[in-house]
Amino acid sequence: MAAQLSFTGFAWKNLWRRRLRTLLTLGGITMGIGAFVALVGFSRAFEHEWLRLYTNAGTDIAVVETNFLNTSLNQSLGTKIRAVSEVERAEPMIFNLIDLTPDVNALVYGWEASSYELDSLTYLSGRRFADGKPEIIVGNLLADDLKKKAGDTLSIQGVVFTVTGVFHGGTALEDGAVIMPLDQMQAISSMEGKVTAFHVKLRPPPSGESYDNYVKRAERAIEAAVPGVHADPAADRAANNGLVSLAHSVAWGTSAIALLIGILGIANTMAMSVFERTREIGVLRALGWKGSHVILLILTEATALGLVGGLFGIAAGWGGLRLLAALPQTASVASASVSPVHLVESLLIAIASGVFAGAYPAWRGAHLSPVEALRYE
Amino acid sequence: MNSPILEARNLVKSYDDGRVQALRGVDTAIQAGEYVAITGPSGSGKSTLLHMLGGLDSPSEGKVLFRGSPLGNGADLDRFRSQQVGFIFQAFHLLPTLRAVENVQVAMLAVRQSGNHRAQRAAALLEEMGLKERMNHYPNELSAGERQRVAIARALANDPAILLADEPTGNLDSVNSAHIMEILRGIQQQRGMTLVIVTHELEIASRAPRHIRIRDGRIEA
């Protein structure tokens with residue numbers, strides 16, 4: 001039985017003739033896509049956790065100054081926000097990323113003990129803290145990590161706090177966090193009288209008005225009542241707050257560099273391959289192959305490198321995400337899940353990388369003079 | 001009288017801004033089914049003429065006509081080569097990563113044919129060349145004579161009207177040379193194909209019914 005030769009089979013044989021080079025090239029694009037899957041997946045999971053944080057508590061709007069990380073509002077503005085007719089509750093809050101031990105840093109929130117934000121927490125042991133006292137409640141993930149339970153103490157920024165309860169919040173951002181009275185947070189952050197944001201819960205929308213319209217109307221009303229603040233829907237704040245933006249920037253930046261290295265690897269491999277196969281390309285042209293056939297062959301090889309590297313990269317990236325979700329330093333903000341959209345996006349980027357990297361070598365191969373290519377030694 | 005299958009009219013091929021002239025005005029006509037040998041010393045322009053006739057290169061001046069129509073450029077030349085011409089080279093030019101039967105099929109990848117048809121035709125051609133037992137071997141597992149037979153099968157893959165052979169016995173011993181020439185002559189006679197052979201071996205040239213001699217880029221009288 002005679003073996004059949006297909007176009008893709010021919011491309012595969014060409015790639016496989018230089019196994020080591022092909023495998024090294026695959027390694028490069030695998031790392032690029034792996035970094036993209038892991039880092040961008042991590043930053044998106046981080047954003048998703050923020051959104052869940054808002055929605056779990058029932059927050060509709062976050063009122064901030066300009067930049068969520070550096071925002072500093074007077075706590076007294078709460079009175080004006082609460083006076084807006086659509087607003088049911090407006091809770092002042094502070095949050096920051098603080099080193100709890102040399103190895104563990106965590107999000108620390110300051111809320112008033114009466115805040116509705118605390119109502120969604122389930123206490124696994126102990127009780128809520130009281131305002132005006134050096135008391136904290138600790139998320140269960142962090143409590144496990146720090147080996148703390150209700151009744152223990154924890155030193156934060158030089159102040160010894162008593163752990164009054166351990167809670168489960170439903171999001172990794174809460175379960176890996178510390179929550180303390182707002183006044184205590186203001187004291188250790190030197191922000192007396194200041195807050196980073198107000199979380200606003202709206203009254204139910206009037207019948208006949210859509211939720212989105214209602215939220216937009218409330219935003220305008222708050223911004224009119226308190227000049228100089230931004231009132232953003234919870235979803236926007238989840239996507240645009242400083243920590244998430246920073247995570248997105250670092251993830252995309254790092255991934256882009258890794259992808260660029262992968263693309264350069266493919267481009268180098270294909271350019272070398274075309275160079276080495278100059279005479280063979282001349283033979284193909286002599287056999288009647290059009291320039292477009294040569295382009296298709298080289299692009300098929302480059303795309304195959306991108307596709308296979310992309311599949312390996314997705315596996316590696318998913319493994320990386322699982323690792324991030326398991327590490328104590330990142331477990332509080334990472335999720336091991338990868339959305340199907342992110343996977344498709346990663347695969348498309350891998351394929352596009354192959355096509356992009358193969359474009360010039362393919363063009364060069366197609367424009368070789370058949371006679372000169374046949375004479376090439 | 002029918003128009004020639006191939007005709008060269010005042011072919012000039014120059015390189016290096018005209019400082020080197022490989023062909024200096026060649027006129028010749030080859031009839032369908034004819035067996036022609038082109039001879040001449042090294043550098044005389046015989047391979048260049050063969051490349052022009054096969055649409056592998058374009059002349060600097062003059063033109064090549066196929067059945068009375070000038071060869072075009074680009075895609076037209078590609079189509080001409082894939083459908084009308086089979087090339088055979090001195091160095092065989094088989095692709096080292098492909099088995100013999102795959103080397104024959106590679107020529108058919110340029111035209112629309114099913115994979116099954118390609119494989120069957122390649123196998124039949126190799127069987128015709130006496131290589132039935134060797135079709136799944138790679139080029140480095142074949143003798144020089146066997147490689148050239150694979151190359152002939154590849155040249156026949158798309159059932160061309162013209163076979164152009166550039167020193168087809170140049171890398172072969174006398175026994176294999178005779179065998180290859182016997183095969184080419186048989187193909188030309190049985191299929192009524194046009195066969196043009198470039199050679200510097202006068203013994204081979206003398207067996208062709210027609211002999212074109214080239215010297216310094218011109219046909220000798």
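Predicted model: local features only at pLDDT ≥ 70, side-chain atom pairs only at ≥ 80, totals over all residues.
In chain A, helix H2 spans residues 19–57 and helix H12 spans residues 340–366; the axes of the two helices come within 10 Å and cross at roughly 150°. Because this angle falls in the range over 145 degrees, H2(A) is roughly antiparallel to H12(A). The handedness of the crossing between H2(A) and H12(A) is right-handed.

The contact between the two helices involves A:Ile29, A:Ile33, A:Phe36, A:Val37, A:Val40, A:Gly41 and A:Arg44 on the side of H2(A). On the side of H12(A), the residues in contact are A:His342, A:Ser346, A:Ile349, A:Ala350 and A:Ser353. By residue class, the contact of H2(A) with H12(A) comprises seven nonpolar, four polar and one charged residue.

In chain B, attention turns to backbone geometry in loops. B:Asp16, although not a glycine, adopts a positive phi of about 55°. B:Asp16 lies in the loop that links strand E1 (6–15) to strand E2 (20–30) of chain B. B:Asp16 has 7 C-beta neighbours inside 10 Å and therefore counts as exposed, the criterion for exposure being 12 or fewer.

A positive phi of about 55° is also found at B:Asp159, which is likewise not a glycine. B:Asp159 is placed in the loop between helix H5 (144–156) and strand E7 (162–166) of chain B. Since 12 C-beta neighbours lie inside 10 Å of B:Asp159, this residue counts as exposed.

Methods. Residues numbered from 1 in each chain as written. Chains lettered and ligands numbered in written order. Axes fitted to C-alpha atoms, helices over the stretch in contact; angles between N-to-C directions. Helix = DSSP H or I, 4+ residues; strand = E, 2+ residues; numbered from the N terminus. Parallel < 35°, antiparallel > 145°, perpendicular 65-115°, else oblique. Left-handed = near helix turned anticlockwise from the far one by under 90°. Contact = placed C-beta atoms within 7 Å. Nonpolar A, V, L, I, M, F, W, Y, C, P; charged D, E, K, R; others polar. Buried ≥ 20, exposed ≤ 12 C-beta atoms within 10 Å, placed from the backbone.
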